[in-house]
Amino acid sequence: AQSVTQLGSHVSVSEGALVLLRCNYSSSVPPYLFWYVQYPNQGLQLLLKYTTGATLVKGINGFEAEFKKSETSFHLTKPSAHMSDAAEYFCAVSLLTGGGNKLTFGTGTQLKVEL
Amino acid sequence: EAEVAQSPRYKITEKSQAVAFWCDPISGHATLYWYRQILGQGPELLVQFQDESVVDDSQLPKDRFSAERLKGVDSTLKIQPAELGDSAMYLCASSIGGLSTDTQYFGPGTRLTVL
């Protein structure tokens, strides 16, 4: 079975500071990994995804994530936080099972950005 | 930009009543997903369609939940009868195919409150 663990249900940073949201995965086969963002009362929007190839993945809104197989991690970073980055962030792993393509999500990290 | 449409956005119902949610995926997307997101948690897959066929409904509570995608385009998720524990956000997503690498695009969701 595949799963993801997000460390820290709440993270608070100052505007302009580095954002680091942690995600570790468990998988018996090479995983496909995703980060989604969710604003209040809205659906999820894809930030970035890792499938194969380059392990440093760049996404929208200045976010990037690095796939580290040795650490089983896929942490999300952004050099300088904006107030508009305040939202909930979900890491997910993709599992192809029985003909279905299932996303298994972590429990989410709520990012707060303070002035 | 094409989006996944869902209605209604909000639904309040009483316990034991029937409710239905509608989803219209991005045009040309063969795969449609229904997820349930309980407050404070990540989304969990309820059912996945490939065209009009169900490919994964292992987590769908079939005694009270049903889903259909009759013409392989839009879809309806029904709950009958609703229970207090069904209060959640119901998210619809679509992808162009059913591969693990395919991006799933999410709609804005339907927030269900059962009283």
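Q: How do the side chains of A:Lys58 and A:Glu64 meet?
A: They form a salt bridge, with N and O 2.8 Å apart. A salt bridge here is a side-chain nitrogen of Lys or Arg within 4 Å of a carboxyl oxygen of Asp or Glu.

Q: Before we go on, what kind of model is this?
A: It is a predicted model, where local features need pLDDT of at least 70 and side-chain atom pairs count only at pLDDT 80 or more, while totals for chains, interfaces and linings use all residues. Residues are numbered from 1 along each chain as its sequence is written, chains are lettered from A and ligands numbered from 1 in the order in which they are written, and side-chain values use heavy atoms, with hydrogens and water left out.

Q: Back to the pair. Is A:Lys58 buried or exposed?
A: A:Lys58 counts as exposed, because its relative accessibility is 63%. The cut-offs are under 20% relative accessible area for buried, over 50% for exposed, and partly exposed in between (1.4 Å probe, protein chains only).

Q: And where does A:Glu64 fall?
A: A:Glu64 is partly exposed, at 24%.

Q: Why would such side chains pair at all?
A: Side chains of opposite charge can pair when their charged atoms come close.

Q: How many salt bridges are there over all chains?
A: The rule gives 6. One of them joins A:Asp85 and A:Lys78, with the closest N and O atoms 2.9 Å apart. Both of those residues are buried.

Q: What about B:Arg64 and B:Asp86?
A: Their side chains form a salt bridge too, at 2.6 Å from N to O. B:Arg64 sits in the loop between β6 (53-56) and β7 (65-68) of chain B, and B:Asp86 in the loop between β8 (75-79) and β9 of chain B, so the pair ties together parts 22 residues apart in sequence. Strands such as these are DSSP runs (E, at least two residues), numbered from the N terminus, and helices would be H or I runs of at least four.

Q: Are B:Arg64 and B:Asp86 buried or exposed?
A: B:Arg64 is buried, at 12%. B:Asp86 is buried as well, at 2%. Shared partners join B:Arg64, B:Glu83 and B:Asp86 into one network of salt bridges.

Q: New topic. How many residues does each chain give to the contact?
A: Chain A gives 25 and chain B gives 26. Contact means heavy atoms within 4.5 Å.

Q: How much area is buried between chain A and chain B?
A: About 1,900 Å², with 49% from carbon and sulfur atoms. Buried area is the accessible area (1.4 Å probe) that two parts lose on being put together, summed over both. A:Asn41, A:Leu44 and A:Asn101 supply 29% of what chain A buries against chain B, more than any other three residues.

Q: What holds charges or polar atoms across it?
A: Between chain A and chain B the salt bridge count is 0. The rule does find 5 residue pairs in polar contact, both residues at pLDDT 80 or more. A polar contact is a pair of N or O atoms within 3.5 Å; within protein, one must be able to donate a hydrogen and the other to accept it, and residues adjacent in sequence count only if both atoms are side-chain atoms.

Q: Which residue does A:Gln38 touch on chain B?
A: B:Gln37. Its contacts in chain A, beyond four places in sequence, include A:Leu44 and A:Phe90. A:Gln38 is in strand β4 of chain A, and it is buried at 9%. The side chain of A:Gln38 also reaches the backbone oxygen of A:Gln42 at 2.8 Å.

Q: Which residues touch the most others in the largest nonpolar core?
A: A:Trp35, A:Leu48, A:Leu76 and A:Tyr89, out of 26 residues. A nonpolar core is a set of buried Ala, Val, Leu, Ile, Met, Phe, Trp, Tyr and Cys residues joined through side-chain atoms within 4.5 Å. Apart from that core lies another, of 20 residues, among them B:Trp34 and B:Phe65.

Q: Last one. Where does B:Ser94 lie?
A: In strand β9 (residues 88-95) of chain B. B:Ser94 counts as buried, because its relative accessibility is 0%. Its side chain makes a polar contact with the side chain of B:His29 at 2.8 Å. A polar atom of that B:Ser94 side chain also lies 3.4 Å from the backbone nitrogen of B:Ile26.
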